[in-house]
Amino acid sequence: MLPDWWSVKGISMYDKKSVNEAYLDAKKSRDLYVEQNKLMVGCPPAEKNLVTHRNYMVAPNNRWGFKRLEQLTRSITVGRGDVPVRPLISAPQDLSGVLFKSKCGREVSVQEHLKSTYTDGFIVLKDAKSVYECYFDGYQPNDRHIMFSVTKSLVGLIAEDLITKDIIDENLLVIKYIPELIGSAFGDATVRQVLNMTVGIDCYEEYDDPTGITAQFGYASGLWQQPEGSDYPDNICDYLKKLRKHGSHGMRFEYVTACTEVVAWIVERAAGQSISKLVEVVWSQLGCERDAYFVNDAHGRACSGGGFNATLRDMARFAIMVSQRGEWEGRQLFSPSAVDRLFEGGDPEHYALNESYSSWTPGASYKSHWYVYSGQSIMAVGIHGQIVYIHRPSGVVIVKQSSSPTAESPLYSDTVVMLKVLAENLS
């Protein structure tokens with residue numbers, strides 16, 4: 001059951017009372033979970049402790065499922081390749097006691113915040129060296145974790161790279177690449193409008209309605225199991241075709257996962273390869289410790305809006321490469337100008353019009369599926385507490401993998417504050 005404050009929308013979700021109550025609630029529920037956790041124990045597990053494709057999104061089942069999704073869903077492997085593992089140089093510092101000013105008004109330590117946001121793994125790097133790395137509740141460095149909408153940012157960067165190489169024209173209409181979307185919400189939108197999520201669309205991200213349009217994406221993409229007897233689309237392409245326009249394009253930021261799936265479709269058409277293969281081209285050169293994988297739909301297409309899974313350290317390797325303007329071990333995996341374009345950001349006025357998002361990340365904009373503080377930092381974010389944060393001036397990179405019981409939380413405003421304080425602390 002969702003906590004009482006969950007129905008609060010917009011700016012009040014991040015007020016002092018809501019944030020303080022969220023810390024108190026997290027401490028009680030997290031301690032209870034650690035004490036009572038018997039998920040998937042037994043041969044077979046008791047039905048009440050069984051985690052399945054149907055129930056893994058519900059707490060506390062998510063704390064097992066988010067780390068083992070390949071056991072529950074269809075998946076496409078993103079191979080690590082045959083290059084040697086590239087060790088992360090360690091230069092440890094104890095950052096657990098670093099304090100920051102919470103939205104609730106009191107000083108909160110990094111350690112308290114990590115526990116309160118149900119963190120599984122957390123790594124901080126400075127100039128490509130690991131300075132702080134910690135794991136919780138049995139999560140191990142070799143385990144892979146669902147990154148949810150951080151996946152969008154991988155796709156967005158690939159699209160930016162193809163734009164800089166003149167393989168994609170950001171000013172063309174979507175239907176120039178995907179005529180199948182004529183008549184849909186995307187029929188008269190440009191590639192850039194879809195990349196920056198300024199599409200006028202009759203779709204609102206609502207994570208707790210099992211019949212809503214967001215849930216229908218989950219069923220179509222393979223992230224969630226279709227309810228018995230339902231007639232929802234079982235694949236991403238058919239799902240996109242049914243979405244309809246609402247309002248005008250290019251007016252304001254509106255977060256809609258379907259936009260990423262459209263971008264992925266454009267990228268695949270333009271490049272002549274699947275998203276999973278395009279990610280693998282990069283992944284296989286990073287010296288990763290493990291293969292990554294995508295959840296896929298019934299037609300074998302990768303879930304580009306939220307289906308990527310990888311280890312904490314491998315996500316850190318990817319983020320370091322991005323922080324180095326796409327360069328890795330003397331090879332240019334993305335064009336430097338593609339990364340620079342991300343740091344330029346989108347239109348801050350479009351972003352500010354969406355009060356729910358601008359109150360969470362004041363001063364930010366949104367470009368190619370990254371949250372941007374122009375010239376300073378970029379951030380990839382997934383529901384339930386997934387983060388990739390790159391702060392250019394300090395050379396700090398941070399990755400956070402989490403299993404928060406709710407898709408969004410008042411504490412996520414504090415997460416942004418904590419990331420900035422850590423970057424300042426290490427400058």
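Leaving aside neighbours within four places in sequence, which residues is threonine 257 in contact with? Threonine 257 is in contact with Lys152, Glu205, Phe217 and Gly305, where contact means heavy atoms within 4.5 Å. The model is predicted, so local features need pLDDT of at least 70 and side-chain atom pairs count only at pLDDT 80 or more, while totals for chains, interfaces and linings use all residues. Residues are numbered from 1 along each chain as its sequence is written, and side-chain values use heavy atoms, with hydrogens and water left out.

Threonine 257 has its place in helix 8; helices (H or I, at least four residues) and strands (E, at least two) are DSSP runs, numbered from the N terminus. With a relative accessible area of 7%, threonine 257 is buried. Buried means under 20% relative accessible area, exposed means over 50%, and partly exposed lies in between (1.4 Å probe, protein chains only).

Glutamate 254 is found in the loop between helix 7 and helix 8 and counts as buried at 19% relative accessibility. Not counting residues up to four places away in sequence, glutamate 254 touches Met197, Tyr204 and Asn354. The side chains of glutamate 254 and asparagine 354 are joined by a polar contact of 3.5 Å. A polar contact is a pair of N or O atoms within 3.5 Å; within protein, one must be able to donate a hydrogen and the other to accept it, and residues adjacent in sequence count only if both atoms are side-chain atoms. Glutamate 254 and valine 282 are 28 residues apart in sequence, and their C-alpha atoms are 29 Å apart in space.

**Aromatic rings**

Rings of Phe, Tyr and Trp (its six-membered ring) pair if their centres lie within 6.5 Å; planes under 30 degrees apart count as stacked, over 60 as edge-to-face and the rest as tilted. By this rule there are 19 aromatic pairs. In one of them, the ring centres of tyrosine 255 and tyrosine 357 are 5.5 Å apart and the planes stand at 25°, so the pair is stacked. This pair links distant parts of the chain, 102 residues apart: tyrosine 255 is in the loop between helix 7 (236–241) and helix 8 (257–271), and tyrosine 357 is in helix 13 (residues 355–360). Tyrosine 255 and tyrosine 357 are both buried. Ring pairs also join them into a cluster with Phe253, Tyr351, Trp360, Tyr366 and Tyr371.

Phenylalanine 343 is among the buried residues of helix 11 (residues 336–344), together with Ala338, Val339, Arg341 and Leu342. Glycine 345 follows helix 11 and has a positive phi, near 80°.

**Helix 6**

Helix 6 (residues 213–221) is mostly covered, with 8 of its 9 residues buried. Phe217 is one of the buried residues in helix 6. The cover over the buried residues of helix 6 includes helix 7, helix 8 and strand 7 (292–295). Just after helix 6, glycine 222 takes a positive phi of about 95°.

**Strands**

In strand 4 (residues 119–126), 8 of the 8 residues are buried, so the strand is largely enclosed by the rest of the structure. Two strands pair if DSSP finds at least two bridges between them. Strand 4 runs antiparallel to strand 15 (residues 396–402), joined by 7 bridges, and leucine 125 stands opposite valine 397 in strand 15. Strand 4 also pairs with strand 5 (residues 129–135) over 6 bridges in the antiparallel sense; there, phenylalanine 122 has cysteine 134 as its bridge partner. Strands 4 and 5 form a hairpin with 2 residues between them, and aspartate 127 in the turn has a positive phi of about 50°.

An open sheet is formed by 4 strands in the order 1-7-8-6, with antiparallel pairing. Strand 1 (75–78) and strand 6 (145–146) stand at the edges with a single partner strand each, so one side of each is left without a neighbour in the sheet. Strand 6 is joined to strand 8 (residues 308–310) by 2 bridges, and isoleucine 146 has asparagine 309 as its bridge partner in strand 8.

**Cysteines**

The whole structure holds 0 disulfides, a disulfide being a pair of cysteine sulfur atoms within 2.5 Å. For cysteine 203, the nearest cysteine sulfur is that of cysteine 259, 8.3 Å away. Cysteine 203 is buried, with a relative accessible area of 9%.
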